[in-house]
Every structure is written in C-alpha cells, then in structure tokens.
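User: I would like a close look at one part of this model, treated with some care about definitions.

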Amino acid sequence: MDFKGLADRLGLEKEEFIELAELFVETGSSDLRQLQSAVEQGDVQEVVKKSHSIKGASGNLGFTEIFGVAKDVEANAREDNLDGAVGAVVVIKEKIDQLAQAINEKA
Amino acid sequence: MATARKKSTKKTIKPGKDIIASMAEDFKAKLLKLVEQGIKNLTIDFKGVNMVDSVGLGVLIATHNSLDSVGGELTIKNVSHDIYNLFMTMRLDQHFEVIKAG
Amino acid sequence: MNDKQNLTILLVDDEPVGVKVLEKTLQKEGYRTISADNGPLARRLASKKQPDLILLDIMMPGEDGFEVVKLLKKDPSTAYIPVIFLTGKDELASKMMGFDLEAVDYITKPFHGREVVARVRLHLKLSLATNSLIESQAARLRQIQDAQTSMLVTPEDLPDAGFGVYYMALLEAGGDFYDVLQISDDIYGYFVADVSGHDIATSYITSAVKALLKQNCIPIYQPAESMKMINNVLKEILPEDKYLTACYARLNRDKKCMTIVNGGHPPVVYLPKEGQTRLIEIKGDVLGIFSDVYFGVQDIRVTEGDRFYIYSDGLIEKPGQRKVWTEGLDDLLKACSGLREIPIRKSVERLKDMLLEDTIGLEDDIVVLGIEA
C-alpha cells in the first residue's frame, strides 16, 4: 500500500495520512457492520446511507477499490435493488482488513 | 550643422556626476521642467556617474512615470557595470531602457 | 504584540473521515477549524462562534444541507457567513436546482486538497472584501495610530518565531523597518524594508507599512499577493519619488516550507544546516512607485536548523566608498558561513561586527534579521 503516494495526493504527511487511514478502518468497519445487517434485513434506505458513508470516506482517502464497490451498492440500492450487495460487503471487508494489516506493518 | 528649428520632443542630458541626495532636488526640478516643456523621449547619459543612491533612484523612477504617462520614454545610457547590476537587480531595466557603457 | 489573524472555518459533515481530511488540509494552511456532524449543531456553532466560512455537506441524515442553509440565512447572526456545499458528483446532477441561491459555491467529493484550499481562499477573500469596505478606512487609520506608539518587535515578544535581529537607525526617524508576524500556529512572516531617503516623512511610512502588513499578511493571501496589495496602498500614500525595497519571507514550520518574495531588495542569505551558504537571488520591483508590479517568488524546502538572513543594504555598503551595494555580496557570504555555531539571536550582531568594523561614519540604517527554521 503506497501510503506516501496517497498522502502526497492530499498534500499531507505520511504519518498524518496513516492516522486518517486508522480512523477510516474504525468508522468504516462500524459502517460495514451496519451495512451488513441492513442488507440482511433488506432495509434499502439504510443500505443507501451506510454505503454512501463508506463511499465518501474511502473516496476522500483515495481508496479507489472500496470507493468503487460502495458506489455501486449505493447506486443500486437507490433503485431498490440489493443484487450483489452481499458480495460487495465481503469484498469491502477484505479490503478494510488488508488496509488494517498494511497500517500495522507501517506502525 | 544648421537645421531648421523644429520643436523636438527628444533630449539628452548629461549630469556628469553621482546621482545622489545632495543634488537630487535640483536634478528633479530640471527633469520636471523638461517634461513640462514637452520632451517625451528623454535620454540621460550616465558618463561620469559612479553612484546612484536611493534618493537618486526615486527621482529617476518618478521621471520615468511622468514620461510614461504622456506616452514618452526614458533611456539611460553609458551605464557603468556596477550601476547596471543594481538596475537589473531592482528590475528597473524592465521599466525603462538601460544601456551599458562600452 | 502581534495578534494572530486567525480565520475560522466550520466543517459540517456526518462522515468523520472527510471532516478530518478537511481539518488537516485547512489547518496546515493556517486556518482554525470547528466541526459538527449534524445540522442543528452546525447552526448553533455558527451562531455562537461566528466562523468566517462554512463547508457544508448536502447529504446528511435529519436536516440536509439545503435545510441547514435556509435556516442559516433566516438567522441574522449567521446570514452573511459564506457557505460552500460539499457534494458527491452524482448528487450534483440531481440536485442542481437547489443551488441557485443559498450557497456561494460547491466542492465535489472526493476532495482534492488544492481545490479545497483554493475555493476557501477565494470565498474568504470575496467575503472579507465586501464586509470590510466600509470599515477599512477607519480601521486603517486607527491601526496607523496604534503602530506609531508601539516599538519594533523583539525576539522575546515572539519566542516561537525563531529569530534574532540587530537594528540601528541613523536618525531617530529610521528608514529601515522590520516586522515579524505570527500568521498562525506554525506560520510566521518576516519582513524587512528599506525606505528611500532619510527625512522625517519616513517614520509615517514605516508605521503605515506595519499596519498594512498586519492587514494583508494573512493565510488567505499568497505572499506575493500580500506584497501587491501593500504596494497598491503605498503607491497612493507615498510621494511620487519615494519607494521602498522589501523582502517578505513566510515560513511554514509544519509544511517545512519557506516562501520568499522580493521587492527590489538585496538577496537573502541561505545557510542550510548541511551544505553551502548561498544567496537567494530573486528579481522584483521596488514598492510604492510603480502601478504594475512584479515580485519574484521562491519556495524552498527547509529542514530544522536551516537559517536565513535578511538585511538592509546598510550592512553591505562600505561607508565612505562611492560604491553600490551589489559589490558587498561576496564578503557577506563569507561572513555568514562563519555563523553556524553561534545561536541565532547572537549571530545577527556578530554578522554586523564582521562586516562593519565600527559604526562611526555610518551612512545608512542597518537591519539584520536572522531566521532559524
């Protein structure tokens, strides 16, 4: 994970960026848990909200893969469509775990 | 050479000494008079000028501004090496024409 | 002695990572930030803290951005604070109609640091210009009066500014002037100017310059812009043949960046902690006499311990010799190289001693300002 490159993109120092990435792991994981139960319960409104949140946070930090997946979930959910949402949750979880590991390695 | 006297808007003057505070007042008055008389293209020959101080520079720039406002131009020629460097550092060569000596 | 000119920005977004990104980006530029994650709290904060600008997310649960703005405009205490919407690109398309009135602009997410900073600056400038037109004349005069009774700032006044200064005026009405301003927690401005001539009119000018620095050297203006604005006012108030040379250095110790703007002033000496001493030669017009001006700028990455010396030409002109200051630069460089081991506050007087054997026969004021990153 190229933290320095992502940091430069935002005009921040690497350490500051890692701090933000840690925050994202925290809030993103929490949003993801809520997203997962929303999907399981078929609560479309909630799916929109949570995926929007994850999309925003990941987008700001330049985590484009998570951003892309969350964006699709949000767009579909706005059309009352939860197809692929279950799979998306799995992918996002994997990416966040990878991120957390990369942060630990830098620490 | 005799030529028909026309009112020329060009003039060259040669102070022949350092352009500094002690002579600035008189020098300024002289330059002002020339502009008032309708001189548009004024050339100052710096032969014999070894030093220009901040007051002198002020007079030169003010003269340039006056000429500029009537569509005229200031040229300073025969400028010594040191004074040329000074003018360059202060970007004066971007405002009026500065010609090195020799 | 010098107040911070802090502008405060209110960040409103229910998404915490985005808020933190904005906080960090804006704080680095010298702004203060406060934040809220919902509409009602945002409005309360806006009313209480009177921020200078609000960045407002549109998509929030409960009160969304549009509702927040409507209510802000209804409240006279918050109606005039400029608001910039934060919005995802998709929302933009579907919500365009809501835009025409309430917010001044919008920034799309994901944020790009530079765009955020540029938009914020622009709208703060516009807002300040409109709000302060009426007050500015009166304020300006008041500041000049205050400045006349205050002395030149000392290193003890601003211990975190990391500078040392030596100042000697030829006459009571010194033509040389310096100032150090705290622009934000990590950003300091260092200014040295030399007014042409040595008559009584000079002291009024240095007071005016001090006031102008305070007004114009604030985070929303780039250093070169600050100098331009100062030039424009000086052109109005100075006699037609008076000018000043000036050098303005802005050091951001957080970003580790030094920006130097030169207005016809002798070159700054750069003493990196490791490496060769060198001159920073930047071309620029003198101030207060030309209407169309250009000031050269240089940005330098610094590391802790790097030093800069800004001085007036009195330091390098040889009294009694009929020469211009451009010739004294080699001696200056040599002398500066010998200053490394000396603490910054002492080094300035030492430099003067090395270059000027005695101050009898002095023909000009002397300022030496040493800055340590």
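User: What area is buried between chain A and chain C, and what percentage of it do carbon and sulfur atoms give?

Analyst: This is a predicted model, in which local features need pLDDT of at least 70 and side-chain atom pairs count only at pLDDT 80 or more, while totals for chains, interfaces and linings use all residues. Residues are numbered from 1 along each chain as its sequence is written, chains are lettered from A and ligands numbered from 1 in the order in which they are written, and side-chain values use heavy atoms, with hydrogens and water left out.

Between chain A and chain C about 1,800 Å² is buried, and carbon and sulfur atoms give 60% of that area; buried area is the accessible area (1.4 Å probe) that two parts lose on being put together, summed over both. With contact taken as heavy atoms within 4.5 Å, 22 residues of chain A touch 18 residues of chain C.

The two chains are joined by 2 salt bridges, each a side-chain nitrogen of Lys or Arg within 4 Å of a carboxyl oxygen of Asp or Glu. One of them links C:Lys28 with A:Glu16, whose closest N and O atoms are 3.3 Å apart.

On the chain A side, helices H1 (3–10), H2 (14–41), H3 (44–61) and H4 (64–78) each supply at least two residues, helices being DSSP runs (H or I) of at least four residues, numbered from the N terminus. The largest share, 9 residues, comes from H3(A).
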